[in-house]
Amino acid sequence: MTGSKPPAGTPRTEVSRLWQSGVAGIELYNAQLYRHTFAKHMHEAYTIGFTHAGLGSFFYRGDHHYANSGSFKLIHPGEVHTGQVQAEAGWGFRNLYISVPKMQQMLAQLEWPGPELPYFAIALQTSPDALGQAMFSRLFVALSQPTPQLERDSLLLELMAHLIDRYGDRQRRWRQPEPTSKALAQVQTYLKTHYADNISIDTLAQQVGLSPFYLIRSFRQQVGLPPHSYQRHWQLMQAKRSLHTDQPIADIAIAHGFCDQSHLNRAFKKAFGVTPGQYRQGNFVQDWPG
């Protein structure tokens with residue numbers, strides 16, 4: 001019957017979409033989740049998320065935080081975090097992913113002092129932010145559909161000025177997370193360069209003259225992920241970029257270090273909440289003028 005409630009215990013359908021907006025350097029994510037858990041991952045962009053329904057949680061900077069309805073979560077580029085549903089009602093949220101170059105452009109327009117990027121001292125504000133919510137909602141709609149560029153630009157700058165004013169720590173500036181050890185920085189660079197290769201821990205350890213166990217433990221402590229997970233991150237990022245081409249997904253998987261398309265599907269879904277096919281479909285439907 002139309003409008004009837006599903007029987008108790010019936011799994012509810014999860015909905016998620018990740019796509020590029022009509023503004024270069026900004027991606028959008030919209031989700032209503034009931035079961036999905038995001039594995040440890042990071043983004044090469046600022047994550048500006050707003051929870052509009054339910055309750056979620058995430059591990060970030062060594063602690064667990066709750067994503068309450070009406071609150072923002074603000075996560076810096078390159079910082080490892082997770083995400084999971086924490087309520088029977090699920091977790092409904094939207095994210096903006098703003099690239100570092102785009103953030104730099106906006107800061108110049110806001111006459112932000114100095115070349116450094118803003119630092120958000122907290123990952124989550126637990127008290128509702130009605131003004132920020134209204135700004136975020138208007139901007140998300142504007143970025144989700146064809147909208148005059150002047151309107152998009154204005155809404156974007158208004159939201160960013162509000163977030164910096166309310167959540168920014170003016171005593172600190174954000175810097176790209178980097179290992180304090182030169183040896184681990186060398187390992188990090190090697191993994192980026194050889195992200196698609198089948199690398200052994202002995203090979204990495206010999207590169208920098210460390211024992212395998214010490215390397216794994218220290219890399220996890222300083223980077224936030226063990227070496228194999230860091231390599232997987234770069235495999236996923238490169239595969240994600242390739243999904244904007246018409247190359248077959250099976251070929252993309254092999255080219256970027258995955259065993260097959262199913263392997264890529266599982267890893268992509270854990271990190272981004274959508275499959276490679278869903279990501280490609282969601283982006284190819286966009287055909288907006290700049």
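Student: What should I know about the numbering and the model before reading residues off it?

Tutor: Residues are numbered from 1 along each chain as its sequence is written. The model is predicted, with local features needing pLDDT of at least 70, side-chain atom pairs counting only at pLDDT 80 or more, and totals for chains, interfaces and linings using all residues; side-chain values use heavy atoms, with hydrogens and water left out.

Student: What is a pocket, and what is a cavity?

Tutor: On a 1 Å grid over the protein atoms alone, a cavity is a set of points where a 1.4 Å probe fits but cannot get out, while a pocket is an open set with protein on both sides within 12 Å along at least five of seven lines. Lining residues have an atom within 4 Å of a point. Points are joined across faces, edges and corners, and a volume is the space filled by probe spheres set on them.
Here the largest pocket holds about 570 Å³. Its lining has 31 residues, and His-228, Ser-229, Gln-231, Arg-232 and His-233 are the closest to its centre.

Student: Which element gives the most to the lining of the largest pocket?

Tutor: Elements are DSSP runs numbered from the N terminus: helices (H or I, at least four residues) and strands (E, at least two). Helix H7 (227-242) is among those that supply at least two residues, and H7 gives the most, nine. The others are strand E3 (37-41) and helices H5 (201-208), H6 (212-223) and H9 (261-272).

Student: How is the lining of the largest pocket divided by class?

Tutor: Ala, Val, Leu, Ile, Met, Phe, Trp, Tyr, Cys and Pro count as nonpolar, Asp, Glu, Lys and Arg as charged, and the others, Gly among them, as polar. This lining has 16 nonpolar, ten polar and five charged residues.

Student: What is the volume of the second largest pocket, and which residues are closest to its centre?

Tutor: The volume is about 490 Å³. Of its 23 lining residues, Gly-78, Glu-79, Val-80, Pro-177 and Val-223 are the closest to the centre. H6 gives the most to this lining, four residues, and by class the lining has eight nonpolar, eight polar and seven charged residues.

Student: How many cavities of 30 Å³ or more does the structure hold?

Tutor: One. The largest cavity contains about 140 Å³ of space. Phe-38, His-41, His-81, Asn-95 and Tyr-97 are the closest to its centre, out of 17 lining residues. Strand E8 (91-99) is one of the elements giving two or more residues, and E8 has the largest share, four. The lining divides into nine nonpolar, seven polar and one charged.
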